[in-house]
Amino acid sequence: MSKPVYIRNLRQDDLPAIVDIEDRTTGVSRKPYWQKRIEMSEAIRPHWTSLVAESDNRVVGFVFGRAGELEFGLPGTVAWIEIIGVDPAYRHCGIGAKLLEQFSSSAEDHGIQTIFTVIDKNNTDMERFFTRIGFSEGEMVHFQKTLKT
Ligand SMILES: CC(C)(COP(=O)(O)OP(=O)(O)OC[C@H]1O[C@@H](n2cnc3c(N)ncnc32)[C@H](O)[C@@H]1OP(=O)(O)O)[C@@H](O)C(=O)NCCC(=O)NCCS
């Protein structure tokens, strides 16, 4: 039987859990980065764009996003998913999908019709995840330039 999962808006005291999930996913611990990022989210972003998932009375997943108006020549307001992470011990239980269901339904409530994200083209897991929850490859092309350091 799957455990209950509760999705809510991000809070400042979610910092240790988010740092820990990223650390156990990537091996990199970035507390000062996440502290700033959470402060920024709390201060200037719509609250519905940054969410956490709780199960067993602890944070087991998060998503950070934002909403932008008339960006990159796109009409209206669009939502962006910038980073999503689920605790490795809680993956494949529908938590990532639940986080993005809540994100999408809040975006709809705010009159937003399109959600964007960017993934590494070699990351087939992320590709499968986003495809499974209804995303498909878009029309925009990503450009980049490498600078001398
Ligand atoms: C991608 C990620 C968010 C998915 O979270 P999750 O809670 O495990 O996903 P769900 O259980 O909601 O999966 C929904 C569907 O996506 C697909 N899916 C999920 N993870 C997948 C994977 N690793 N490979 C292939 N398909 C996957 C499955 O089809 C799944 O549906 P199903 O279980 O009915 O088959 C999670 O694996 C993750 O956090 N990965 C690391 C991402 C990262 O590097 N973030 C930055 C640092 S924290």
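Begin by selecting strands β1 and β2 (residues 50–55): the two run antiparallel and are joined by four bridges. This is a predicted model. Within the pair, pick Asn-9, which stands opposite Leu-51 in β2.

Next, show the whole sheet. It is an open sheet of five strands in the order β1-β2-β3-β4-β5, and the pairing is mixed. Which strands stand at the edges? They are β1 (6–9) and β5 (115–117); each has a single partner strand, so one side of each is left without a neighbour in the sheet. Looking from one strand to the next, the twist averages 30°.

How many residues surround the ligand? There are 21, and the closest are Gly-85, Arg-91, Gly-96, Ala-97 and Arg-128. Elements that contribute two or more residues to this shell are α1 (15–26), β4 (77–86), α3 (95–109) and α4 (124–132). The largest share, five residues, comes from α4. Coloured by class, the shell shows ten nonpolar, six polar and five charged residues.

Then go to the loop between β3 (58–69) and β4, and select Leu-70. Its phi is near 50°, a positive value in a residue other than glycine. For context, most residues other than glycine have a negative phi. Is Leu-70 buried or exposed? Leu-70 has 10 other C-beta atoms within 10 Å, and because 12 or fewer counts as exposed, it is exposed.

In the loop between β3 and β4, select Phe-72 as well. Phe-72 also is not a glycine, and it has a positive phi of about 55°. With 8 other C-beta atoms within 10 Å, Phe-72 is exposed.

For the last stop, select Arg-24 in helix α1. Arg-24 counts as partly exposed because it has 13 C-beta neighbours inside 10 Å.

Notes: Residues numbered from 1 in each chain as written. Predicted model: local features only at pLDDT ≥ 70, side-chain atom pairs only at ≥ 80, totals over all residues. Near = placed C-beta within 6 Å. Nonpolar A, V, L, I, M, F, W, Y, C, P; charged D, E, K, R; others polar. Buried ≥ 20, exposed ≤ 12 C-beta atoms within 10 Å, placed from the backbone. Pairing = 2+ DSSP bridges. Axes fitted to C-alpha atoms, helices over the stretch in contact; angles between N-to-C directions.
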